[in-house]
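Here is a short report on a protein chain and its ligand. Look over the sequence and the structure, then read on.

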Amino acid sequence: MCLTIPGKIESIDKGIATVISARERAQIDLSLVFQAQVGDWILYATNRAVKVISEEDAKEIISLLEDKYHPVDVSKLPLKFKKIIFKVRSGNSNLTKDEILYLLSLKGQNNLETLFAEANTLRKERIKDFICIHGIIEFSNYCKNSCLYCGIRKENKVPRYRLNSEEIIDTAFDAVENEGYKLLVLQSGEDDSYSDADLIDLIVKIKQKMKVFVFISVGERSEKFYQEAYEAGATGSLIRFETSNSELYTKLRPNKLLKDRIKLVKAMIKMGYYVASGSMVGLPGQSLEDLADDLLTIKSLGVPMISAGPWLAAEGTPLASSNVMHNNAKTQLELMLKFVAVARFMMPDVKIPVTTALETLDPENGRHKGLLAGANALMFNLTPEKFAENYSIYDNKYREREKVWQKYGLFKGEESWEMLEEKLMLDK
Ligand code: SAH
């Protein structure tokens with residue numbers, strides 16, 4: 001479920017090991033891996049060892065989590081940037097809109113590397129090396145909406161699919177029991193062929209059959225539905241406000257109002273949901289000022305987790321060939337990484353998953369780059385293969401799952417469940 005940086009055991013005394021990792025020297029409880037010996041590499045979290053691993057694997061994990069940033073030479077930075085960095089370092093995360101805009105418009109390798117390195121340091125300080133892995137099951141690509149950006153909008157000619165309740169439960173069960181997932185997102189287009197009662201029944205069945213945190217992401221339904229879904233055991237919700245620019249919102253989502261969406265997000269927070277929200281970054285017609293407002297909106301909502309990703313052109317949509325300011329993968333990626341880093345500056349403790357869209361922009365390094373710009377979690381796609389390619393909200397969606405993340409990020413034991421429960425519930 002969660003990957004942490006490994007450490008090497010230096011000495012053991014009465015079941016407590018002194019461990020040195022790339023970051024720290026720590027006292028670690030060995031009761032779960034009592035066979036560990038001096039010289040072994042272990043994975044540990046919250047001062048408890050969870051697994052002994054080989055030196056080779058330890059080095060591989062370290063290389064995934066380590067950055068190669070040069071030490072930041074603050075003296076060489078523009079004065080304004082320097083001031084913001086000192087402000088953030090002193091623990092003041094209340095950036096002004098002007099400061100946010102300044103950071104989002106930074107250019108030049110030295111400036112960008114500094115921005116990412118500072119965000120990464122903050123992530124390490126506040127969330128430690130605790131990279132969580134979540135799974136997403138896209139159970140239907142039918143949608144009654146016509147969002148201009150989205151590849152599964154109702155007018156788009158893509159092969160449609162729906163998983164029935166049994167197929168969804170089987171997919172979830174396999175992920176939880178065989179792969180060790182502890183948090184699953186159930187996502188779909190807005191598909192009314194699943195009634196409120198169907199979805200609630202599905203949540204109840206999943207919660208009865210397996211121990212897993214269920215996040216729902218099914219778009220706009222009544223508050224009554226969300227209240228009942230929460231009571232049925234869906235403790236999390238992934239619902240983006242898409243863009244904080246209300247005009248752009250209605251342009252991209254015909255007949256919909258930003259204020260309704262925000263009202264729903266707030267209602268879910270009030271019901272007790274662990275809400276992940278945010279926007280798309282680099283949409284046609286979106287300005288840097290809009291992005292600064294998106295960040296301020298996320299902060300004012302006070303959500304514990306951000307869900308934001310780059311806009312990607314989707315074939316067949318009205319925006320497919322949009323000539324946008326950020327119209328290539330490199331600039332989109334850079335903008336998204338800046339957005340993540342500034343989010344980390346403004347909300348040091350927030351959870352930021354690297355989205356599949358970021359991986360699509362840079363399949364080899366998107367994940368790594370996202371983490372090193374301040375993100376701290378990964379989202380893997382669990383939709384059964386035969387359907388996955390049709391959940392094409394954007395083109396060339398990246399579906400690879402890196403072996404090492406799977407191998408070590410997903411502990412199967414009860415202890416990993418407790419670790420996540422602690423992490424999730426503490427920051428709500
Ligand atoms: N029906 C649900 C889930 C929508 S799909 C809902 O309305 O919340 C999940 C997210 O994918 C959307 O919220 C949107 O932010 C994102 N998305 C859709 N099309 C996209 C595109 N072309 N590029 C990037 N992200 C996209």
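## The ligand and its surroundings

The ligand is surrounded by 19 residues. Closest to the ligand are Y149, R240, E242, R261 and L312. Keep in mind that this is a predicted model.

What classes of residue make up the shell around the ligand? Ten residues are nonpolar, five are polar and four are charged.

| Residue | Protein atom | Ligand atom | Distance |
|---|---|---|---|
| Y149 | polar backbone atom | nitrogen | 2.9 Å |
| S188 | backbone N or O atom | nitrogen | 2.9 Å |
| R261 | polar side-chain atom | oxygen | 2.9 Å |

How much of the ligand does the protein bury? Taken alone, the ligand exposes 550 Å². The protein buries 94% of that area. As for its place in the protein, the ligand sits in the largest cavity.

## The chain as a whole

Now step back to the fold. The chain has 16 helices and 16 strands. Its C-alpha trace spans about 65 × 55 × 35 Å along the principal axes.

Why does the radius of gyration of the chain agree with that of a compact globule? The chain has 428 residues, and a compact globule with that number would have a radius of gyration near 22 Å. The chain has 22 Å, so the two agree.

Conventions:
Residues are numbered from 1 along each chain as its sequence is written. This is a predicted model: local features need pLDDT of at least 70, side-chain atom pairs count only at pLDDT 80 or more; totals for chains, interfaces and linings use all residues. Side-chain values use heavy atoms; hydrogens and water are left out. A residue is near a molecule or strand if one of its heavy atoms lies within 4 Å of it. A polar contact is a pair of N or O atoms within 3.5 Å; within protein, one must be able to donate a hydrogen and the other to accept it, and residues adjacent in sequence count only if both atoms are side-chain atoms. Accessible areas come from the Shrake-Rupley method with a 1.4 Å probe; for residues, only the protein chains shown count as cover. On a 1 Å grid over the protein atoms alone, a cavity is a set of points where a 1.4 Å probe fits but cannot get out, and a pocket is an open set with protein on both sides within 12 Å along at least five of seven lines; lining residues have an atom within 4 Å of a point. A molecule sits in a cavity or pocket if more than half of its atoms lie within 2 Å of its grid points. Ala, Val, Leu, Ile, Met, Phe, Trp, Tyr, Cys and Pro count as nonpolar, Asp, Glu, Lys and Arg as charged, and the others, Gly among them, as polar. Helices (H or I, at least four residues) and strands (E, at least two) are DSSP runs, numbered from the N terminus. The radius of gyration is taken over C-alpha atoms; the globule rule is 2.2 Å times the number of residues to the power 0.38.
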